[in-house]
Amino acid sequence: MLRVEFHCHTTYSKDSLMTVASLLSGIARKGIHKVAITDHNTLRGALLAKESAPEAVILGEEILTQGGELLAFFLREKVPPHLTPLETIERLREQGAYICVAHPFDTARKGHWDLEALEAIAPLVDAIEVFNARSLAPGANEKAQQFAQKHRLPGMVGSDAHSSIELGKATMLLPEFDDAESLRQAMRAARFEINRSAPWVHLLSRYAMMRARWRDATKGAKEP
């Protein structure tokens, strides 16, 4: 069985402190066999990591749609943010991607979903993220699990790691897979290893965003 981290971010997400190098060393140290790098609205971090660890890295993206956020795995090219959910899903299907709804009921995040929008896309996605180690809203993970069961969709879990300390908090144990279709088959035998991250990890993301803004401002000031 493979131990897989399906939700994590590198410094190519402005709210993350985890470099590509520290992520790759972290999965080796923590016994994680595969990792889906799901930076916000970009593949840059995942592509860079895959150059160094092609067998371990899954090209992923966390995409902000007009309805909420989606996680996508086994991408060939970036899907831009702010499209309608249906257009986003259509572009992902054209690539043969595996599609999971991210933290659907975590109302503490701008990327959560309202129930009507979620019901509309349920027949079109592959899975629901039923445990997110960073979720703060009371009952968010439990509501996601209930929704997945109601709609007979597989559940996925993820650390949503934005720092090395969070990596591996929520992982899945799966048989071998190497593309979206074999992942669909492997999900039938999935097992979870889950732990919540401490609430203070969100402060790390705030610091990361402040640092990114300062860096951008400094870069702009130096340009003629």
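Is Cys100 buried or exposed in this chain? Cys100 is buried, with a relative accessible area of 1%. That is one stop on a tour of close-ups, all taken from a predicted model.

**View 1**
Cys8 is in no disulfide, and the nearest cysteine sulfur, the one on Cys100, is 14 Å away. Turn to Cys100 and the story is told from the other end: Cys100 is in no disulfide either, with the sulfur of Cys8 as its nearest cysteine sulfur at 14 Å. A pair counts as a disulfide if the sulfur atoms are within 2.5 Å. Cys8 is buried, at a relative accessible area of 0%, and Cys100 is buried at 1%.

How accessible is Arg134? Arg134 has a relative accessible area of 5%, so it counts as buried. Glu166 counts as buried too, because its relative accessibility is 0%.

**View 1. Arg196 reaches over to helix H5.**
Arg196 lies in the loop between S9 and H7, and its salt-bridge partner is Glu142, with the closest N and O atoms 3.7 Å apart. This is another link between distant parts of the chain: Glu142 belongs to helix H5, and the two residues are 54 apart. Arg196 is partly exposed, at a relative accessible area of 46%, and Glu142 is partly exposed as well, at 38%. The C-alpha atoms of Arg196 and Ser135 are separated by 8.2 Å, though the residues are 61 apart along the chain.

Which residue does Arg184 pair with in a salt bridge? The partner is Glu181, and their closest N and O atoms are 3.2 Å apart. Both residues lie in helix H6 (residues 180-186), 3 residues apart, which is about one turn of the helix. Arg184 is partly exposed, with a relative accessible area of 25%, and so is Glu181, with 44%.

**View 2. A negative patch on the surface.**
Glu55, Glu176, Asp178 and Asp179 gather on the surface as a patch of negative charge. Zoom in on Glu55 and you land in the loop between helix H2 (44-52) and strand S3 (57-64). Glu55 has a relative accessible area of 67%, so it counts as exposed.

**View 3. A nonpolar patch around Trp200.**
Which residues make up the nonpolar surface patch of about 340 Å²? They are Ile165, Trp200 and Leu203. Trp200 is placed in the loop between strand S9 (191-194) and helix H7 (201-222). With a relative accessibility of 46%, Trp200 counts as partly exposed.

**View 4. Phe74 and its positive phi.**
Phe74 has a phi near 65°, a positive value in a residue other than glycine. Look for Phe74 in the loop between strand S4 (69-73) and helix H3 (85-94). At 17% relative accessibility, Phe74 counts as buried, because the cut-off for that class is under 20%.

**View 5. His103, with another positive phi.**
The phi of His103 is near 25°, again a positive value in a residue other than glycine. The loop to look at runs between strand S5 (98-101) and helix H4 (115-121), and His103 lies in that loop. His103 is buried, with a relative accessible area of 4%.

How values were computed. Residues numbered from 1 in each chain as written. Predicted model: local features only at pLDDT ≥ 70, side-chain atom pairs only at ≥ 80, totals over all residues. Heavy atoms only, no water. Patch = residues over 30% accessible without salt bridge, like charges linked within 9 Å, V, L, I, M, F, W, Y side chains within 5 Å. Areas by Shrake-Rupley, 256 points an atom, 1.4 Å probe, with all protein chains shown as cover. Salt bridge = Lys/Arg side-chain N within 4 Å of Asp/Glu carboxyl O. Lys, Arg positive; Asp, Glu negative; His and termini not counted. Charge placed at Lys NZ, Arg CZ, Asp CG, Glu CD. Helix = DSSP H or I, 4+ residues; strand = E, 2+ residues; numbered from the N terminus. Buried < 20%, exposed > 50% of the residue type's maximum accessible area, 1.4 Å probe, protein only.
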